Amino acid sequence: MSSGFPRLLLVAALALTAGAAGARELKVCADPNNLPFSNARGEGFENRIAALVAQDLGATVTYTWWAQRRGFIRNTLQAGLCDLVPGTMLGLEMLRSTRPYYRSGYVFVTRADGPRISSFDDPALRDLRIGVQLVGDDGANPPPAEALARRGLAGHVVGYTVYGNYAEPSPAGRIVAAVAKGEIDVAVVWGPFAGYFAPRQPVPLTVTPVQPQTAGLMPMAFDIAMGVRREDKPLAEEVNAALSRHRGEIDAILAQYGVPRLDRAEQAGP
């Protein structure tokens with residue numbers, strides 16, 4: 001027995017090594033400096049949800065980090081650097097969407113001692129400095145900027161790039177901090193940014209969903225899903241099943257990060 005025992009240990013060690021070599025990876029592409037969604041330390045809610053999905057699939061998450069700029073999907077998912085991108089708008093033509101796991105929208109952020117705004121038609125906006133997130137290096141206009149321009153309020157807009165100064169941590173929080181500092185009177189911000197950064201300011205802020213959820217033809221609310229390559233239906237189905245099985249845990253994660261949920265309000269009814 002003494003001679004056979006080490007041999008059994010060797011066989012077991014080889015089996016474990018082989019198993020580790022063939023272990024499944026869930027290859028995710030994400031931004032390394034984009035809280036509350038993701039960062040390289042895994043502190044974002046998309047990091048946590050991706051880890052939950054990977055655990056369900058018996059896989060380990062491995063990341064390719066890429067700043068979320070124009071061309072992000074083309075340079076990551078479509079280039080074969082990853083297989084899954086969390087936090088994508090449902091129905092994007094360039095990828096196959098999973099089922100959505102939350103719906104959110106734009107919100108107004110004001111100081112608690114300031115005006116409470118909930119509509120682009122509020123006459124108070126004509127006397128306020130209005131912060132708006134601009135997307136892309138070319139200053140492309142998101143829905144709130146278009147809605148304000150159509151109402152003749154472009155002269156009141158103060159633009160903040162959604163990317164901010166990428167050399168700083170959490171650069172997207174700059175617009176919310178500007179409200180707290182009094183640099184602007186109100187900001188129109190994508191909900192998850194506001195829900196995360198508003199409670200972290202030195203003064204109380206109020207977060208109010210934009211109503212109605214459309215301004216003309218432009219939606220102010222979106223369903224958020226994960227994305228895979230269009231031909232990768234099997235992975236999409238696996239991720240869908242994992243999202244369904246862990247619905248409660250995902251809801252809890254989103255709540256911890258203060259994500260404003262429009263889908264929960266719709267489920268609750270009038």
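1. Strands here are DSSP runs of E with at least two residues, and helices are runs of H or I with at least four, numbered from the N terminus. On that basis, proline 32 sits in the loop between strand S1 (24-30) and strand S2 (33-34). The model is a predicted one.

2. Proline 32 has a relative accessibility of 25% and counts as partly exposed, because that class lies between the 20% and 50% cut-offs. With neighbours within four places in sequence left aside, the contacts of proline 32 are Ser38, Asn39, Ala40, Trp65, Trp66, Ala67 and Tyr166.

3. The bond joining leucine 35 and proline 36 is cis, with omega about 15 degrees; proline 36 belongs to the loop between S2 and strand S3 (38-39). A cis bond also joins glutamine 211 and proline 212, with omega about -5 degrees, and proline 212 is placed in the loop between S11 and strand S12 (214-215). Most peptide bonds are trans.

4. Serine 170, in the loop between S9 and H5, has a positive phi of about 50 degrees despite not being a glycine. Most residues other than glycine have a negative phi. At the other end of H5, the helix is followed by glycine 182, where phi is again positive, near 85 degrees.

5. Why is helix H5 (residues 174-181) described as largely enclosed by the rest of the structure? The reason is that 6 of its 8 residues are buried. The buried residues in H5 are Ile175, Val176, Ala177, Ala178, Val179 and Ala180.

6. Arginine 261 occupies the loop between helix H8 (247-256) and helix H9 (262-268). Is this residue buried or exposed? Arginine 261 is buried: its relative accessible area is 15%, and the class requires a value under 20%. The side chain of arginine 261 makes a polar contact of 2.8 Å with the side chain of aspartate 263. Beyond four places in sequence, arginine 261 is in contact with Tyr101, Tyr102, Arg103, Arg247, Asp251 and Leu254.

Technical notes. Residues are numbered from 1 along each chain as its sequence is written. This is a predicted model: local features need pLDDT of at least 70, side-chain atom pairs count only at pLDDT 80 or more; totals for chains, interfaces and linings use all residues. Side-chain values use heavy atoms; hydrogens and water are left out. Buried means under 20% relative accessible area, exposed over 50%, partly exposed in between (1.4 Å probe, protein chains only). A polar contact is a pair of N or O atoms within 3.5 Å; within protein, one must be able to donate a hydrogen and the other to accept it, and residues adjacent in sequence count only if both atoms are side-chain atoms. Contact means heavy atoms within 4.5 Å.
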